[in-house]
Structures are given as structure tokens and as C-alpha cells.
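Visitor: I am new to this structure and would like to learn how to read its features one at a time. Could you take me through a few of them?

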Amino acid sequence: MTSLATRMRPATRSDVVGNEKALVSGGPLALLLEGKSTTSVILWGPPGSGKTTIARLVSQNAATFHDLSALSAGVKDVREIAEAAKVDQANGQRTVVFIDEIHRFNKAQQDALLPAVENSWITLIGATTENPFFSINDALLSRVRLVKLESLVDHDILILLNRALTSESGLNHRYSIDQESLDAIVQISGGDARLALTLLENVTNYVQSQDRTDVQLSDLEVVRGEIIAKYDRRGDSHYDVTSALIKSMRGSDVQAAIHYLVRMLNAGEDPRFIARRIVILASEDIGMADNSALQTAIAAYHAVSFIGMPEAALTLAHAVIHCSLAPKSNAVTRALNAAAHDVRLGKGSEVPIELRDGHYAGSKALGHGVDYQYPHDVPEGIVSFEYLPEDLRGSRYYVPTNRGNEQRWMEVLKAIEAALGRVVSGSESKGSKP
């Protein structure tokens with residue numbers, strides 16, 4: 001018997017849920033689905049976002065449909081399909097070629113597609129979970145429309161689950177399931193429609209084996225082999241666990257940080273949300289004490305964007321461990337807050353005349369930039385000068401700590417301030433405090 005996910009695959013455009021932006025009326029996908037376009041597209045999106053479904057719906061308007069997997073198809077297959085499609089086109093027949101995981105095609109395989117796509121012998125629909133700008137040749141990208149699909153939102157997943165429970169081709173009202181269990185499936189699926197339907201099928205098969213028709217949360221825990229996290233991505237628990245992750249990294253407790261990371265991922269949290277929080281922490285709580293932490297965090301965010309789950313969990317763990325073990329300093333945060341406080345109070349008189357723009361007509365007559373000393377003209381690269389507005393002179397916003405690499409920056413700052421002609425005693429800011 002075919003799987004529940006296969007049986008519930010939308011048969012018409014009206015059955016499709018989610019990705020309203022990608023399927024907007026008049027867009028490339030809508031025109032393809034309506035049979036009004038032969039434009040080739042590459043669908044870029046996470047698992048279970050509807051890439052295969054869209055391809056199969058488009059094929060309804062074609063005389064011939066080829067469903068290829070990049071794992072098994074080769075150049076010979078592509079060329080044979082292209083030659084047959086060329087003949088079919090001359091006879092007024094349309095050929096749609098769907099290539100799943102097209103990012104796995106090598107350059108030669110992708111190049112073999114070019115004549116067929118450029119001459120419209122075929123309508124190519126490629127599907128990829130990876131960033132096509134990294135995995136698809138420029139030549140092929142320039143000949144197709146790139147359409148970004150997103151994970152389905154919770155409401156969309158609930159629609160699909162309820163449809164599967166009631167549809168004749170689905171479970172046909174044979175099972176009842178409480179809302180807590182439905183919500184758990186939604187959270188676990190993480191916007192993946194296929195995963196959600198597979199979980200529903202597995203848990204109903206389990207209760208059937210127990211001679212029951214009611215599905216409870218404990219049944220889902222048996223099927224998954226683990227306890228379902230009490231975690232609501234939209235409620236208080238979402239913010240509590242997120243806060244615990246950040247505070248654990250800030251507190252340098254790598255064991256706790258990894259625990260909360262896994263807890264969030266298991267509950268279906270968007271990995272991009274987690275990556276964004278790590279990027280923020282890298283500047284807020286580590287800063288100049290370890291500059292490489294921000295580089296790791298940003299690299300993790302980009303990697304998560306084109307890898308996707310479950311592999312992205314490794315990248316997030318890498319970033320969480322780095323940020324947990326890195327020396328901590330909030331000197332960057334304090335510098336920004338202290339400067340912002342003075343600005344809010346209206347402090348900061350006119351910009352020193354030497355620093356004002358001296359490029360427009362008449363500016364020199366006003367003295368703008370006339371006495372500016374170009375640092376590159378002196379051997380030291382620093383000239384003795386007061387850059388701050390007069391009423392803020394002596395203020396110190398960025399005050400390094402002696403933690404990690406920031407101890408080095410403390411020595412650098414002392415040398416620079418001496419070269420600027422400033423005598424600074426102590427480490428406290430002379431400016432306003434937030």
C-alpha cells in the first residue's frame with residue numbers, strides 16, 4: 001500500500017497549501033500550473049515544502065513527464081530525453097522533466113540540459129534543498145527562473161493533518177487524535193509536510209496494533225522513541241528555552257548550552273532563528289575578546305541557510321560550543337550603550353571644523369577641512385588630534401577588559417590614546433553612563 005504522504009499529495013492546484021508568495025497569481029509557478037507557460041524553473045526549498053507536488057501538478061499539462069533523480073540519472077539519460085522532447089515539440093507536444101536533488105548533478109550533467117532548456121524542448125523543473133548559487137552552474141541558472149519555497153507554517157501543517165484524518169484516500173475518520181498530539185506532530189515536523197504525514201501514519205499504525213483508534217501523546221513518544229519536548233515555538237516555553245540557551249553560552253556552560261540547543265531543534269525550532277541568536281550573542285557577550293566567535297556565528301548562519309536540517313544541527317553545535325568556550329566581554333555592548341545614552345541626551349556639539357566635508361564649492365572658504373591632518377602623512381600613522389565634539393572630549397565609550405584577546409586591544413588602545421595626545425587615568429568612562 002502506498003504511503004499516506006503519497007496518497008495525500010495534492011491532485012489539483014486548489015489542494016496545495018502554503019507558499020502563497022511563490023504561487024501568487026501571474027507568477028512563474030502559477031502560469032506553469034495553469035498551462036500558460038513553458039518556462040523552466042528551479043525550486044529551492046527545505047524538505048516537505050512542496051517541490052515534488054508542484055512538479056507533478058505541472059506535468060498534468062504535458063504529454064510526457066520524466067521523473068529523474070540526480071542520484072541515478074546520467075548525461076546519457078538527459079540527452080536521450082532531450083532528443084525525444086525535440087521531436088515531440090515539433091509535433092506540438094510538451095515534455096516536462098523533473099529532476100530531484102538537481103544540486104547533485106555535476107557540471108557535465110548540468111551542461112547536457114542547456115540546449116533542451118534554451119530551445120524549450122523541455123520544461124525543466126529542478127528541485128534542490130541547497131543554495132543553487134553554490135551548486136548550479138551560472139549557465140543553467142541564467143536560463144531558468146529560480147523560485148524560493150519556504151517551510152510550511154503550523155497552520156498549513158494542521159490543515160494537511162486534518163485532511164489526512166478525514167479524507168477517503170487518507171485515514172477516513174478511522175482514528176481520533178487529541179489536540180496536544182496534533183500540536184506535537186506540527187512541532188516535530190518543523191514545516192515538513194511529508195514528515196508530518198509520515199508521523200501521523202506511523203502513530204496510527206501503532207495504535208491499530210494495540211487494537212485502539214484513539215491517538216495520544218504517549219503513543220507519539222513510543223513511535224519516535226523519545227519524550228516529546230514540552231516546548232511551544234509560539235508560547236512562553238519558546239522564550240524560556242531560548243533565554244536559557246543564550247544565558248548558558250554567556251555563562252560559559254557548554255554542557256547546558258548544547259542541551260538547550262538540542263531541545264529547541266527536537267521541538268522543531270527554525271534553525272535560522274537559533275543561528276541569528278548566536279550571531280547576536282557573539283558581539284553582545286564576546287565581542288573583541290574573541291573576534292573569531294562572530295565569524296563562526298555568521299558562517300553558521302549562512303551554512304544553515306543552504307544545508308538545512310538535520311545536518312545543520314552540527315553547524316549550530318559548532319557555533320554554540322565556540323561561543324560557550326570563548327572568553328566573555330560586554331565592552332562592545334557597553335560602548336554602544338554609553339554612546340547612545342549621550343546622543344539621546346543631546347550631547348555632542350558641532351563636528352570639529354577640521355573634520356567637516358571640504359569637497360563642495362565654498363567649503364574651504366568656511367574653513368572646512370583646511371587644517372585636517374592626514375594620518376598617512378606621518379610615519380606613525382596617527383596624529384595628535386581631538387576627533388570628538390568639544391563637549392564630549394575626554395569621554396571613553398569603549399573600555400577593553402583583560403579577558404581573552406581584549407587584553408591585547410587594551411594595550412593597543414593605550415598606545416593610540418597616547419599618540420592622540422590624551423592622558424587617561426583608570427579604566428572607567430568619563431562620559432555619561434546609561
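Guide: Let us begin with a pair of charged side chains: Lys107 forms a salt bridge with Asp111, and their closest N and O atoms are 2.8 Å apart. This is a predicted model, in which local features need pLDDT of at least 70 and side-chain atom pairs count only at pLDDT 80 or more, while totals for chains, interfaces and linings use all residues. Residues are numbered from 1 along each chain as its sequence is written, and side-chain values use heavy atoms, with hydrogens and water left out.

Visitor: What is a salt bridge, and how many does the structure hold?

Guide: Side chains of opposite charge can pair when their charged atoms come close. The term is used here for a side-chain nitrogen of Lys or Arg within 4 Å of a carboxyl oxygen of Asp or Glu, and the structure holds eleven of them.

Visitor: How are Lys107 and Asp111 placed in helix H5?

Guide: An α-helix has 3.6 residues a turn, so residues three or four places apart point the same way. Lys107 and Asp111 are four residues apart in helix H5 (residues 107–118), which means that about one helical turn separates them. Helices (H or I, at least four residues) and strands (E, at least two) are DSSP runs, numbered from the N terminus.

Visitor: Is Lys107 buried or exposed?

Guide: Buried means under 20% relative accessible area, exposed over 50%, and partly exposed in between, with a 1.4 Å probe and protein chains only. Lys107 is exposed, at 54%, whereas Asp111 is partly exposed, at 27%.

Visitor: Which residue forms a salt bridge with Glu150?

Guide: The partner of Glu150 is Arg272, with the closest N and O atoms 3.7 Å apart. Glu150 lies in the loop between strand E5 (145–148) and helix H8 (154–166), and Arg272 lies in helix H14 (residues 271–286), so the pair ties together parts that are 122 residues apart in sequence. Arg272 also meets Asp270 in a salt bridge of 3.0 Å, N to O, and salt bridges that share partners join Lys148, Glu150, Asp270 and Arg272 into one network.

Visitor: How do the axes of helix H10 and helix H11 cross?

Guide: Two packed helices are described by the angle between their axes and the distance between the axes. Here the axes of helix H10 (residues 193–209) and helix H11 (residues 217–224) come within 9 Å and cross at roughly 105°, the axes being lines fitted to C-alpha atoms over the stretch in contact, with angles running from 0 to 180 degrees between N-to-C directions. That makes H10 roughly perpendicular to H11, a term covering angles of 65 to 115 degrees.

Visitor: Which residues of H9 are buried?

Guide: Among them are Leu182, Ile185, Val186 and Ile188. Eight of the eleven residues of helix H9 (residues 179–189) are buried, so this helix is largely enclosed by the rest of the structure. Its buried residues pack against H8, strand E6 (176–177), H10, strand E7 (214–215), H11 and helix H13 (254–266). After H9 comes Gly190, whose phi is positive, near 60°.

Technical notes:
Parallel < 35°, antiparallel > 145°, perpendicular 65-115°, else oblique. Contact = heavy atoms within 4.5 Å.
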